[in-house]
Amino acid sequence: MPRSPTHRPPTRSRWARLAEAARRAALGLTGALLLGTAQAQLVDNPDWKESEAPPPPAYDLKRALEIDMPAYMTLKFGVDPKTIVITPDGVVRYVVVAWREGGNAVNAFYEGVRCATAEYKTYARSSGSGWRPVDNPEWKRIGDRNSVYTAELAQQALCRGRAPRASVSDMVRELKRPEILLY
């Protein structure tokens with residue numbers, strides 16, 4: 001049914017619109033400050049202690065979600081999504097598997113990434129015959145490129161800036177997202 005030309009929806013005054021915009025800006029600023037404070041506690045806290053890493057979880061190569069790797073890499077890498085855990089101290093732990101197309105050998109690594117400091121740690125390794133703990137595992141800079149797959153994994157799925165993504169399901173969604181080529 002057509003509206004009559006005299007019917008107009010009620011409009012808010014300019015002051016009401018400005019007040020609403022100011023309220024939204026204040027809420028956004030408050031949220032940004034709270035997020036920044038939470039991140040600063042994880043990054044700048046000299047008393048930060050990592051929670052004890054549990055034993056490596058069981059993994060299944062069939063569940064592995066492949067990590068997009070540079071073209072020069074001959075190995076394939078993937079993460080079993082059932083092994084991804086975000087700890088209260090801000091560490092993301094997971095099992096990553098590596099294999100060569102058509103090969104029988106599979107290597108697995110139980111690792112953690114600390115997005116706040118751009119570091120990773122390997123807790124244990126497996127070549128198919130059980131887990132071998134790493135002696136004195138230490139945090140290493142992701143940017144040192146000792147582990148290209150860890151840098152790709154952190155960038156593609158685990159971290160959002162200097163914090164872990166909000167949930168494991170967010171991380172899995174990012175791993176499943178097809179690569180977008182911009183050229």
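## Strands, core and ring pairs in a predicted model

Strand S6 (residues 119–126) is mostly covered, with 7 of its 8 residues buried. Buried stands for under 20% relative accessible area, exposed for over 50%, and partly exposed for what lies in between, using a 1.4 Å probe and protein chains only. Strands (E, at least two residues) and helices (H or I, at least four) are DSSP runs, numbered from the N terminus.

A word on the ground rules. This is a predicted model, in which local features need pLDDT of at least 70 and side-chain atom pairs count only at pLDDT 80 or more, while totals for chains, interfaces and linings use all residues. Residues are numbered from 1 along each chain as its sequence is written, and side-chain values use heavy atoms, with hydrogens and water left out.

### The partners of S6

Let us stay with S6 and look at its partner strands. Two strands pair if DSSP finds at least two bridges between them. S6 and S5 are antiparallel and share 7 bridges, and Ala 108 has Ser 126 in S6 as its bridge partner. The hairpin of S5 and S6 has 4 residues between the strands, and in it Ala 118 takes a positive phi near 55 degrees.

S6 also pairs with S7, in the antiparallel sense, over 3 bridges. Here Arg 125 stands opposite Arg 132 in S7. The hairpin of S6 and S7 has 4 residues between the strands as well, with Gly 128 at a positive phi near 100 degrees. Finally, S6 and S8 run antiparallel and are joined by 2 bridges; Glu 119 has Arg 141 in S8 as its bridge partner.

### The nonpolar core

In soluble globular proteins, nonpolar side chains tend to be buried together. A nonpolar core is taken here as a set of buried Ala, Val, Leu, Ile, Met, Phe, Trp, Tyr and Cys residues joined through side-chain atoms within 4.5 Å. The largest such core has 26 residues, of which Tyr 94 and Val 113 touch the most other members. Two or more residues each come from strand S2 (75–79), strand S4 (91–100), strand S5 (106–114), helix H2 (148–158) and helix H3 (168–176). H2 gives the largest share, 7 residues.

Helix H2 has 10 of its 11 residues buried, so it is largely enclosed by the rest of the structure. Its buried residues include Glu 152 and Gln 156, along with Val 148, Leu 153 and Leu 158.

Which residues does Val 113 contact, leaving aside its neighbours within four places in sequence? Among them are Val 91, Val 92 and Tyr 94, as well as Glu 119, Tyr 120, Trp 139 and Ile 142. The contacts of Val 113 also include Thr 150, Ala 154, Leu 158 and Cys 159, where contact means heavy atoms within 4.5 Å.

### Aromatic pairs

The whole structure holds 6 aromatic pairs. Rings of Phe, Tyr and Trp (its six-membered ring) pair if their centres lie within 6.5 Å; planes under 30 degrees apart count as stacked, over 60 as edge-to-face and the rest as tilted. Here are two of the pairs:

| Pair | Centre to centre | Angle between planes | Class |
|---|---|---|---|
| Trp 48 and Trp 139 | 6.3 Å | 65 degrees | edge-to-face |
| Phe 77 and Tyr 149 | 4.7 Å | 15 degrees | stacked |

Trp 48 lies in the loop between helix H1 (14–44) and strand S1 (65–66) and Trp 139 in the loop between strand S7 (131–133) and strand S8 (140–141), so their pair ties together parts 91 residues apart in sequence. Trp 48 is buried, at 18% relative accessible area. Arg 114 lies over the face of Trp 48, 3.6 Å from the ring centre; for this, CZ of Arg or NZ of Lys must be within 6 Å of the ring centre and within 35 degrees of the ring normal.

Phe 77 is buried at 5% relative accessibility, and Tyr 149 is buried at 11%. Ring pairs also link Tyr 59, Tyr 110, Tyr 123 and Trp 131 into a cluster.

### The disulfide

A search of the whole structure finds 1 disulfide, meaning a pair of cysteine sulfur atoms within 2.5 Å. Cys 115 and Cys 159 form it, with their sulfur atoms 2.0 Å apart. The torsion about their S-S bond is about -80 degrees, so the disulfide is left-handed. Cys 115 sits in the loop between S5 and S6 and Cys 159 in strand S9 (residues 159–160), 44 residues apart. Cys 115 is buried, with a relative accessible area of 5%, and Cys 159 is buried at 11%.
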